[in-house]
Amino acid sequence: TYHHKNIKPDQIDLLIVEDDGDLAKLLIAVFNGRFKKVIHTARTDKGLTIIEEELVPHSRVLCDHHNPLSPFHGAELAQLSSSIRMIKEIPFYLMSAELPATDKELQELIGKGIINDFIQKPFTPSQIRKAIMSTLAIPA
């Protein structure tokens, strides 16, 4: 688990990987101004490139699991990006309406530290803010 109580959100980026345009707008509104930069993409393959090339150490990734616009789903993005995220110490938060929190594969990925937290949809803005901000120096 990543607990960076000495890291301030305005020093790091947040990457949001979400194909639902309305939800993406809501998430951007919730986190805009709290992070140095809030980056959004609808596609997991583009998210992988951003994680590898753009995100500064200690940034956060918030990704939807089910993404029909992409060549792979959110849990696969977590796996594909795990080595670079370990080097950069970037936690990965997976969200889903379809995937239950008790899913065996999900629990294995959480157990291995590939996914740091799972957020069940639907959620309120305060719930998502608390889930992402709780490991940082400034509370939600």
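Colleague: Let's start with L14. What stands opposite L14 in β2?
Modeller: V38 does. This is a predicted model, where local features need pLDDT of at least 70, side-chain atom pairs count only at pLDDT 80 or more, and totals for chains, interfaces and linings use all residues. Residues are numbered from 1 along each chain as its sequence is written, and side-chain values use heavy atoms, with hydrogens and water left out.

Colleague: How many bridges join β1 to β2?
Modeller: Five bridges join β1, residues 13-17, to β2, and the two strands run parallel. Two strands pair if DSSP finds at least two bridges between them. Strands (E, at least two residues) and helices (H or I, at least four) are DSSP runs, numbered from the N terminus.

Colleague: In what order do the strands of the sheet come?
Modeller: The order is β2-β1-β3-β4-β5, in an open sheet of five strands with parallel pairing. β2 (37-41) and β5 (117-120) each have a single partner strand, so one side of each has no neighbour in the sheet. On average, neighbouring strands are turned by 20 degrees against each other, direction ignored.

Colleague: Which strands does α1 touch?
Modeller: Helix α1 (residues 21-31) packs on the sheet and touches β1, β2, β3 (60-64) and β4 (92-96). Contact means heavy atoms within 4.5 Å. The direction of α1 makes about 170 degrees with that of β2. Axes are lines fitted to C-alpha atoms, for helices over the stretch in contact, and angles run from 0 to 180 degrees between N-to-C directions.

Colleague: New topic. Is I50 buried or exposed?
Modeller: I50 is buried, at a relative accessible area of 2%. Buried means under 20% relative accessible area, exposed means over 50%, and partly exposed is in between (1.4 Å probe, protein chains only). I50 lies in helix α2, residues 44-53.

Colleague: And what is I50 in contact with?
Modeller: Leaving aside neighbours within four places in sequence, I50 is in contact with L15, I39, T41 and L55.

Colleague: How many salt bridges does the structure hold?
Modeller: Three. A salt bridge is a side-chain nitrogen of Lys or Arg within 4 Å of a carboxyl oxygen of Asp or Glu. One of them joins E18 and K121, at 3.1 Å from N to O. E18 is in the loop between β1 and α1, while K121 is in the loop between β5 and α6 (125-133), 103 residues apart.

Colleague: What about D64?
Modeller: The side chain of D64 also meets K121 in a salt bridge, at 3.0 Å from N to O. D64 lies in strand β3, so this pair ties together parts that are 57 residues apart in sequence.

Colleague: How accessible are E18 and K121?
Modeller: E18 counts as buried at 1% relative accessibility, and K121 counts as buried at 15%. D64 is buried too.

Colleague: And R43 with D45?
Modeller: Their side chains meet in a salt bridge at 2.8 Å, N to O. R43 counts as partly exposed at 34% relative accessibility, and D45 counts as partly exposed at 26%.

Colleague: Last one. At what angle do the axes of α1 and α6 cross?
Modeller: They cross at roughly 60 degrees and come within 10 Å. The contact is made by L26, L27, V30 and F31 of α1 and P125, I128, R129, I132 and M133 of α6.
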